[in-house]
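User: Please take a close look at the interface in this model. I would like the computed values together with the cut-offs behind them.

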Amino acid sequence: MAAGRAARTRLNGLFAVYKPPGVASIRVRDTLETLLLKELNSLEQPTVPQQVRFLPTTVEGNAGKELTLTVTQLPVLAAHPLVKGPEFTHLKIGAGHRLDTKSSGVFVLGVGHGNKLLTDMYNAHLTRVCSGTEPVWGLLCVTPILTRNQGQAYTVRGLFGKATDDFSDTGRLIEKTTFDHITGDKLERILAVIQGTNHKALLMYSNIDLKTQEAYELAVEGLIRPMEKTPPLITAIRCLQFAPPEFQLEIQCVHETQQYLRKIVHEIGLELKSTAVCTQVRRIRDGFFTLDNALPRTHWNLQNIRNSIKDSKIKVKVGLQRSLSHQARSGKRHTDMDQVAESELHSTEGTSASDLTQNEITTC
Amino acid sequence: MLFGFFPGAPKFGHGPFKSQASRDLAGLERGCRKALASAVMAAARLSRGFAKVAKTRSSREVKEAEDSAPVFQYVGERSKRKDRVFVWGFCHAGALGIPSFVKPDASWKKRRRIQPTPYRLDTAEKISSAACGYGFTLISSKTTDITKVWGMGLNKDSQLGFQRSRKDQTKGYEYVLEPSPIPLPLDTPQETRILQVSCGRAHSLILTDKEGVFSMGNNSYGQCGRKVTEGEIYSESHLIHRLQKFKGRVAQIVCGQDHSLFRTERGEVYSCGWGADGQTGLGHYNITSVPTKLGGDIAGVNIVHVATYGDSCLAVSDEGDLFGWGNSEYLQLASITETTQVNVPRHLPFKIGKIKDAACGGTGNAVVNEEGNVFVWGYGILGKGPNLMETATPEMIPPTLFGLSDFSPDTRVSRICCGLSQFAALNNRGELFMWGKNIRGSLGIGRMEDQYFPWRVTIPGEVVDVACGVDHMVTLVKSFI
């Protein structure tokens, strides 16, 4: 009993699983809840408490049968697991950015107190980190760059030559077209235009007065990011593989839906004067969690989830504090105050690191 | 419409239409409607016998239907990319070449004062060179047809040649609203090709490959390269002057506000026109009416590019050195001299690498070095935010503003162009970035405010060339596919 309760109270935080395609994300969340509950309930020792009862019994006494009280130890039936039911019937598991049924990939969930962190992550905006390799055409492929940009990153596979009603290869066929005129550099040109127009939209939606020196500096650093509700915006897009009719893109975006990404594939096909459908949408990164952190189906058990929560705890804390300080900076910026000096920014980062050690002690 | 439709319906005879006709019509209509209704019901009864209930198709049937679907071809395997021209800016003078902006041809269209975003200009031929002057535009094609140059916009000084008016054959048009051919007095009109056009405030220059340079328009300061005639009337003039007295072939022509510069293949620079700011670079401040070679620091130097648009000039040598002369009131040449007019070309010893391209605006200058970085100096909106309004030494604009990012690390600026108070930069991916004062929508960004740092202009194509004017712009674009 104690072991289960202890495990339950310690189960707080964020973790990521790999959602397989073909199953709804709500069902994944329910499956995880059921699995965790089953394991937590199995940690219970099935001992039934005993009670001391004085039961009336007949005893052969001096004048025939007499009624006396005998001490017996009986199990408390009210506390029997078959009567009471399992100890845990409900776990608070919340889902982060959902994935639709046909797509797969990193799916972040929060358990217990971690649900509060989910809202923070939803509003989180991370600063940028660079690394990269050059794309190569033909049969060679490029590993996707997992730059820590804002939002989510997807790998999207497409197929030229077909157009369907729901932009995926399982939809009703609308039209078939030729695609032999499509080359790698034409695709690259279209992707550059998409990235350029989305970059412009990012600046437009960021609600900053473009006539200020601040706006110039933020545009240079690339830190202009939309803080409020915006339509889906693509922050970066590039081609990883191109082997006609198939191609694979890496898309980094904010406020998006998977159907929007399928529509982008369809529109790329139209821009190239052909047609395209999307065969696979796979999220490779959601905020701090990447494919390496996502648990596959065989690892969906209590021990693995607990390890995953522990591993990501520090990352999540540091990242959220940094983004919240960035948001505070932007909040000040929007009220037309002077820019936060570089020293101030470094000082907030310093406090978050020291706060971290204290909080680690309290929560663990 | 109902009559003659159903074989049983009563037909309208040839009898006279009288007052009874209306009653007849109504009766006929009612009768026809009944006939129509009964016919529809009969058809439904018939079709119910033939129609089958739709079944869910098996995946094999779906696959077979998909395989047998027709394949559409929108573009051939070896299709060529199309060349297009996009214009934007101030419309009233007709400089954009779209007549419906000034004289709407449909009742729902309204007169447009400004075109704030790129608008496609339909041209008969592929345009290879374009130039924007002060209220007018010239576009030219490398064709061997007789019509090689078209002009539109202001023609009060015959900067577009003589455009005969259709209403009165003796007069010419003062404003040309659509691209109209300019009649050039060529010796061999079916062999000569036009290489480049250039426009100044009220004059224009046309460079051919075999027949020298043609100049037309205002000549009050000798900018057309011919002797100044007192009291000459420039409007409705047929005079187009040919300049051939250069040592070597002319490779590039540029027009300043009221002066002209010619660069020959040998690397020499000639100039004529107004010189009060020293922009002719000939050592004096008078006007010059005959193209004269420049000396100073560029004597003996192989110049590969000259640039001017206002009253100051820049020249780039083959080794990447920069030379400047002309107006320096806005700190364009303040790094080497305190005087505000420099009438002899002087070397500008900036340590910014080898210069590949240079452009002069009205008050600011910009250069691009070998690595593709843009440097600006001068006065006005220079492109580094509202805080940098004047500087005498070049300041670099961060390359991230021109599309450099983690995903595209080899993006470089390849060309720079200046209008009077705007800057345009082209990067190697064919993207156009504009910044500066947004005079009557000349930046093409869709807004009317000034732009203090480079802003991408979305054009449906890869930009190949750009020509900036005072309040309008022309770009030559290749389509994506």
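Analyst: About 3,800 Å² is buried between chain B and chain A, and carbon and sulfur atoms give 61% of that area. Buried area here is the accessible area (1.4 Å probe) that two parts lose on being put together, summed over both. The model is predicted: local features need pLDDT of at least 70 and side-chain atom pairs count only at pLDDT 80 or more, while totals for chains, interfaces and linings use all residues. Residues are numbered from 1 along each chain as its sequence is written, chains are lettered from A in the order in which they are written, and side-chain values use heavy atoms, with hydrogens and water left out.

The contact (heavy atoms within 4.5 Å) takes 46 residues from chain A and 38 residues from chain B. Between the two chains there are 2 salt bridges, a salt bridge being a side-chain nitrogen of Lys or Arg within 4 Å of a carboxyl oxygen of Asp or Glu. The side chains of A:K162 and B:E66 form a salt bridge, at 3.5 Å from N to O.

On the side of chain B that touches chain A, the elements giving two or more residues are α2 (59-67), β1 (71-72) and β27 (451-457) of chain B. Helices (H or I, at least four residues) and strands (E, at least two) are DSSP runs, numbered from the N terminus. The most comes from β27(B), with 4 residues. By class, this side of chain B divides into 14 charged, 8 polar and 16 nonpolar residues. Ala, Val, Leu, Ile, Met, Phe, Trp, Tyr, Cys and Pro count as nonpolar, Asp, Glu, Lys and Arg as charged, and the others, Gly among them, as polar.

A nonpolar core is a set of buried (under 20% relative accessible area, 1.4 Å probe, protein chains only) Ala, Val, Leu, Ile, Met, Phe, Trp, Tyr and Cys residues joined through side-chain atoms within 4.5 Å. In the largest, of 48 residues, A:F15, A:V17 and A:I268 touch the most other members. Apart from that core lies another, of 43 residues, including A:L210, B:L432, B:M434 and B:M473.

Notes:
Buried < 20%, exposed > 50% of the residue type's maximum accessible area, 1.4 Å probe, protein only.
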